Amino acid sequence: MKINILTLFPEMFNGFLTNSIIKRAIAKKIVEIKIINIRDFTKDKYGRVDTPPVSGGAGLVMKCQPIVDALKKHAKHSHIILTCARGERYSQKKAVQLAKLPSITIICGHYEGVDERVNKYVDELISVGDYILTGGEVASMAISDSVIRLLKGAIADDSLTHESFNDNLLEYPQYTEPYDYQGDKVPLVLYSGNHKVINRYYRKQQLKLTKKYRPDLFKQLKLSKEDQKLLKEKDIDQFELMAIKKGHKYLPKK
């Protein structure tokens, strides 16, 4: 996959490109990321890429010409995205859609916005949330990161199976050793070795957490009879009892 990012501040991406999963994905040639400096395309005799808006007003607006010329050179046959508050709110569903494309180009807005005429050159507008950022650079990193990790080989396939927002559910709780940390213990069911019981526990936790923290997502769920049964159960004690009755294959570490 190829990702182009059009920005006025390419130096902001130095850390993003040279760390963790993104760095490895680039090294493995799973993704190619090109950071394009919009300033390189301005034809303004003073080298400007922004001006006050026509008719006046606060702040500066990014000029149309440098952006369009950058797109013409680098974004042929690419799916073009402009980050702006007007756009569709970004989601995991959208990340999955973008990850299936061979190439995406993200335009980072800045200052008070972008010349309205740029919109006719883009395929879609995306907002990463209902808040204001100083520019689209952080948004473009968020979009790129969420897409790259979905690409085959970027991370282990198992890591993608039970993630938050898959099927509109938050991820279940995860624990590490030791079993008992200052009196706070790992649920015994996770030591049972009974994957059917464990998966049932996971499902209940996903339902409970989504209902508590993201009621907007919970309302979109089509609950099965088993889901409804899980939600009616008062606590997880019965899961632990079921696991104990089956016999523990692994004992908690002290």
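This is a predicted model: local features need pLDDT of at least 70, side-chain atom pairs count only at pLDDT 80 or more; totals for chains, interfaces and linings use all residues.
Me: Why is the pair of Tyr179 and Tyr191 called edge-to-face?
Reply: The planes of Tyr179 and Tyr191 stand at 80 degrees, and planes over 60 degrees apart count as edge-to-face. The rings also qualify as a pair, because their centres are 5.7 Å apart and the cut-off is within 6.5 Å.

Me: Which parts of the chain does this pair link?
Reply: Distant ones: Tyr179 is in the loop between α5 (137–148) and β8 (180–181), while Tyr191 is in the loop between β9 (184–185) and α6 (195–213). The two residues are twelve residues apart.

Me: What makes Tyr179 buried or exposed, and what about Tyr191?
Reply: Buried means under 20% relative accessible area. Tyr179 has 14%, so Tyr179 is buried, and Tyr191, with 8%, is therefore buried as well.

Me: Why is the pair of Tyr201 and Tyr202 called tilted?
Reply: Their planes are 45 degrees apart. Under 30 degrees would be stacked and over 60 edge-to-face, so the rest, tilted, is the class that applies. The centres of Tyr201 and Tyr202 lie 6.0 Å apart, and both residues are buried. Together with Tyr172, they form one aromatic cluster.

Me: How do you know that Arg39 lies over the face of Phe9?
Reply: Arg39 is 5.4 Å from the ring centre of Phe9, and the limit for a charge over a ring is within 6 Å, together with a position within 35 degrees of the ring normal.

Me: What makes α4 roughly perpendicular to α5?
Reply: Helix α4 (residues 92–99) and α5 pack at about 70 degrees, with axes 8 Å apart. That angle makes α4 roughly perpendicular to α5, because the range for this word is 65 to 115 degrees. The crossing of α4 past α5 is right-handed.

Me: Why is strand β1 described as largely enclosed by the rest of the structure?
Reply: Because five of the six residues of β1 (residues 2–7) are buried.

Me: How do you know that β1 pairs with β2 and with β6?
Reply: Pairing takes at least two bridges. Six bridges join β1 to the parallel strand β2 (residues 32–37), where Thr7 stands opposite Asn37. Five bridges join β1 to β6 (residues 103–107), also in the parallel sense, and Asn4 has Thr105 as its bridge partner there.

Technical notes
Residues are numbered from 1 along each chain as its sequence is written. Side-chain values use heavy atoms; hydrogens and water are left out. Helices (H or I, at least four residues) and strands (E, at least two) are DSSP runs, numbered from the N terminus. Buried means under 20% relative accessible area, exposed over 50%, partly exposed in between (1.4 Å probe, protein chains only). Axes are lines fitted to C-alpha atoms, for helices over the stretch in contact, and angles run from 0 to 180 degrees between N-to-C directions. Angles under 35 degrees count as roughly parallel, over 145 as roughly antiparallel, 65 to 115 as roughly perpendicular and the rest as oblique. A crossing is left-handed if the near helix is turned anticlockwise from the far one by less than a right angle, and right-handed if clockwise.
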